[in-house]
Amino acid sequence: MRIHKTPILDSSTKLGKLALFFGVSVLCGVLAAGLLVPSVAVAAAGANTSVDIFDQLPSDLETNPMDEPSTIYSADGELIATFYAENRVPVTLDEVSRHMQDAIISIEDTRYYEHNGVDLQGIMRAAASNLAGGSLQGASTLTMQYVNNVLIDNGVEAGKSGDELTISGTKNITDKLREAKLAIAVEREYSKEEILQGYLNIVLFSGQTYGVEAAAQTYFGIPAAELNIPQSAMLAGMVQSPNYFNPVTNPEATKERRDTVLGAMLRNGKITQKEYDDAVASDLEIDLQPVQSGCVGAELAAYFCNYVENVVMQSDAFGEDAAERAKLLARGGLKIQTTLDSRLQEEAQEQIEEQVPVGDSSGAGSAMISVEPGTGKILAMAQNTNYTPEAGEGNTELNFNVDPDMGGTPYGFQPGSTVKPFTTVAWLEAGNALSDVVDASRTYYPGGYNWTASCLPSTAYFSEWDFKNALPGFDRPMTVSEGLTSSVNSATAAQAAMLDLCEIRDVYSKLGVHRAVDGEPMVVNNPSFVIGGQEVSPLTMAAAFATFASGGEYCEPIALTEVSDSEGKSYEIPEPACEQVLAPGVAAAISKPLQDLVQEMPGNITPIGVPAAAKTGTTDLSEQTWTVGYTEGISTASWVGNWTSYSSLNYVPINGVARDYVDGSTIAGAQWTEYMREVAPLYETGDFGEIPFSMR
């Protein structure tokens with residue numbers, strides 16, 4: 001025997017039910033007035049106060065453009081990352097499956113195509129059910145829900161906090177009247193199809209997933225157009241309580257709710273009994289493909305993504321201040337086209353991880369960055385760590401390739417001998433030649449006033465400088481060319497001693513070389529800067545060497561090529577800023593000893609099959625090691641070093657191999673060589689020009 005128990009209501013609940021009934025009665029009367037008869041008639045019926053409220057409410061719904069994610073793409077169209085406050089991909093109604101449309105109408109508003117925005121029958125039915133003690137029912141139509149979502153969206157856009165927004169459970173009779181009046185106005189202005197489209201694009205499905213397209217992609221990995229019956233029913237069921245009916249965190253309740261929707265679809269004739277039976281018998285079959293916002297969720301090149309984010313956040317083109325720019329990036333639907341070549345990026349990442357894997361027990365860092373000579377376009381930016389704020393081996397948000405103000409390490413890294421070509425440039429510009437012989441036997445310079453530095457006071461005092469060469473047998477006279485190819489410290493020091501240190505510093509500056517820590521020019525009161533005593537970033541070095549590859553034209557590095565938003569507005573981005581800073585003959589001349597290095601260097605740097613030039617660099621204790629080099633079409637800086645301390649890489653097992661001496665050619669050189677061998681043919685690979693006779 002089945003026993004039916006009548007719910008027992010206490011007096012306060014009864015009073016609440018009666019208040020609800022009278023409130024609904026007034027609401028229906030006012031809405032009837034708004035739809036059918038002049039307000040004076042309702043006033044005569046005793047509802048004059050509510051009619052006054054109704055008349056004073058706004059009748060136009062202000063709709064702002066919906067929040068849309070911003071996306072960053074590589075130059076060849078690969079998605080790099082998505083930024084959003086609300087993950088939404090707007091679609092037209094014909095891009096939503098018929099099953100999804102039927103499911104949402106069946107469960108949320110069966111009489112959708114019969115009412116004018118407010119369903120009076122639904123209101124009275126809900127009131128009667130609630131008053132009788134049945135399950136509490138609402139009476140909001142899809143149009144009213146759309147209005148409510150727009151109002152909430154407008155509030156969020158205006159910067160209101162959650163407790164300032166009128167949401168379900170906090171509405172009073174005036175809120176409902178406003179919703180109803182606006183729904184009536186919306187129905188008069190838009191077709192049912194347009195309203196349904198707007199609703200399906202704005203409604204929350206869970207977390208930060210808004211709109212049916214993003215929901216379909218997130219939970220099933222398919223577009224909304226391909227949603228089948230059970231998939232549509234599940235999504236339609238989620239909108240009632242998006243975070244409760246979540247198939248990941250609450251699958252049982254979600255399936256029960258899905259089956260409720262399927263029952264509604266069956267009752268409304270939208271599916272057959274067999275389709276219902278098959279759908280109810282099916283599992284949820286989730287294929288979760290969440291889109292994580294920001295660079296931590298990047299599909300490709302997370303550190304380049306962070307660099308692009310910094311470019312946007314530091315540019316007046318995207319807003320007056322950081323808050324405005326962040327809002328645009330998260331909500332403005334920007335489509336950001338970048339300079340990155342995904343082919344080079346993938347190869348760079350592969351070569352780096354072959355040499356120093358992510359999370360390697362050595363703790364060594366490794367990075368590689370490429371720019372295009374003649375344009376400054378950043379083509380690749382890779383490193384051997386995971387981009388994440390979470391603690392753990394191989395995790396960091398620091399970008400080894402760039403300066404601190406763009407997300408890099410606090411100081412950059414000492415470049416060692418990779419800066420020696422800049423002194424030789426000054427040597428050539430002073431009218432000298434590569435074949436000139438310098439006395440490289442000297443490795444000690446006493447303190448005093450014995451250096452020429454025209455940009456310093458004549459009283460400038462220089463401390464003593466005592467150094468050594470990496471290998472024995474080079475403390476002797478030699479040509480400038482040999483000194484550069486063999487990376488002899490004493491040869492570079494001898495050149496500097498015969499030049500003006502300030503003119504050498506000026507060569508650095510016109511090649512874009514600056515101190516990473518503050519962006520300022522090199523400090524000249526310590527001549528050790530000519531052999532790499534002041535920290536720089538790999539991007540700085542790659543751009544400087546690109547000047548040699550381009551025949552003397554320096555280009556500031558750029559990452560963006562085009563930016564537009566969801567409304568079609570284009571944003572101003574920096575044009576390539578290139579300047580001829582070296583005579584073509586000087587660029588050609590400096591390339592000669594650097595080409596000889598690639599051809600003659602023992603060890604891991606070997607010819608790559610096309611004209612190439614490079615320079616290695618190693619700090620005194622092998623804390624930082626470099627190879628920076630170029631072909632006509634690609635300039636690449638490769639760095640391997642210790643980024644957490646100043647300890648040596650010598651005798652440290654790196655990728656399982658401990659070496660008694662690690663220099664620029666060892667690991668940094670190996671990954672540069674293999675990478676450039678693979679990618680160089682994708683760009684120009686000609687020679688580096690004719691060397692003037694006077695410079696040979």
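Visitor: Is cysteine 502 buried or exposed?
Guide: Cysteine 502 is buried, with a relative accessible area of 2%. Bear in mind that this is a predicted model.

Visitor: And which cysteine forms a disulfide with cysteine 502?
Guide: That would be cysteine 455, and the two sulfur atoms sit 1.9 Å apart. The link is left-handed, with -80 degrees about the S-S bond. It connects distant parts of the chain, 47 residues apart: cysteine 455 is in the loop between β9 and β10, while cysteine 502 belongs to helix α18.

Visitor: How accessible is cysteine 455?
Guide: Cysteine 455 counts as partly exposed, at 37% relative accessibility.

Visitor: How many disulfides does the structure hold?
Guide: Three. Counting the bonded cysteines along the chain, the pattern is 1-2, 3-4, 5-6.

Visitor: Where does the pair cysteine 295 and cysteine 305 lie?
Guide: Cysteine 295 is in the loop between α11 and α12, and cysteine 305 is in helix α12, so this pair ties together parts ten residues apart in sequence. Their sulfur atoms are 2.1 Å apart. Both ends are out of the way: cysteine 295 is buried at 3% relative accessible area, and cysteine 305 is buried at 0%.

Visitor: What about cysteine 555 and cysteine 578, left-handed or right-handed?
Guide: Right-handed, because the torsion about the S-S bond is about 115 degrees. Cysteine 555 lies in strand β12 and cysteine 578 in strand β14. Cysteine 555 is buried, with 5% relative accessible area, whereas cysteine 578 is partly exposed at 29%.

Visitor: How do β1 and β2 run, parallel or antiparallel?
Guide: Antiparallel, joined by four bridges. Tyrosine 73, for instance, has leucine 79 in β2 as its bridge partner.

Visitor: I also noticed asparagine 310. Where is asparagine 310 placed?
Guide: Asparagine 310 is in helix α12 too. It is buried, with a relative accessible area of 18%, because the cut-off for buried is under 20%. Beyond its neighbours within four places in sequence, asparagine 310 is in contact with Asp405, Met406 and Gly407.

Visitor: New topic: what is the strand order in the sheet of five strands?
Guide: β7-β6-β17-β16-β15, an open sheet with antiparallel pairing. β7 and β15 stand at the edges, and the twist averages 10 degrees from one strand to the next.

Visitor: How many bridges join β15 to β16?
Guide: Six. One partner pair is alanine 614 with glycine 629 in β16.

Visitor: Last one: which helix lies across β6 and β7?
Guide: Helix α14, residues 342–355, which runs at about 25 degrees to β7.

Terms used: Residues numbered from 1 in each chain as written. Predicted model: local features only at pLDDT ≥ 70, side-chain atom pairs only at ≥ 80, totals over all residues. Heavy atoms only, no water. Pairing = 2+ DSSP bridges. Helix = DSSP H or I, 4+ residues; strand = E, 2+ residues; numbered from the N terminus. Axes fitted to C-alpha atoms, helices over the stretch in contact; angles between N-to-C directions. Contact = heavy atoms within 4.5 Å. Buried < 20%, exposed > 50% of the residue type's maximum accessible area, 1.4 Å probe, protein only. Disulfide = S-S within 2.5 Å.
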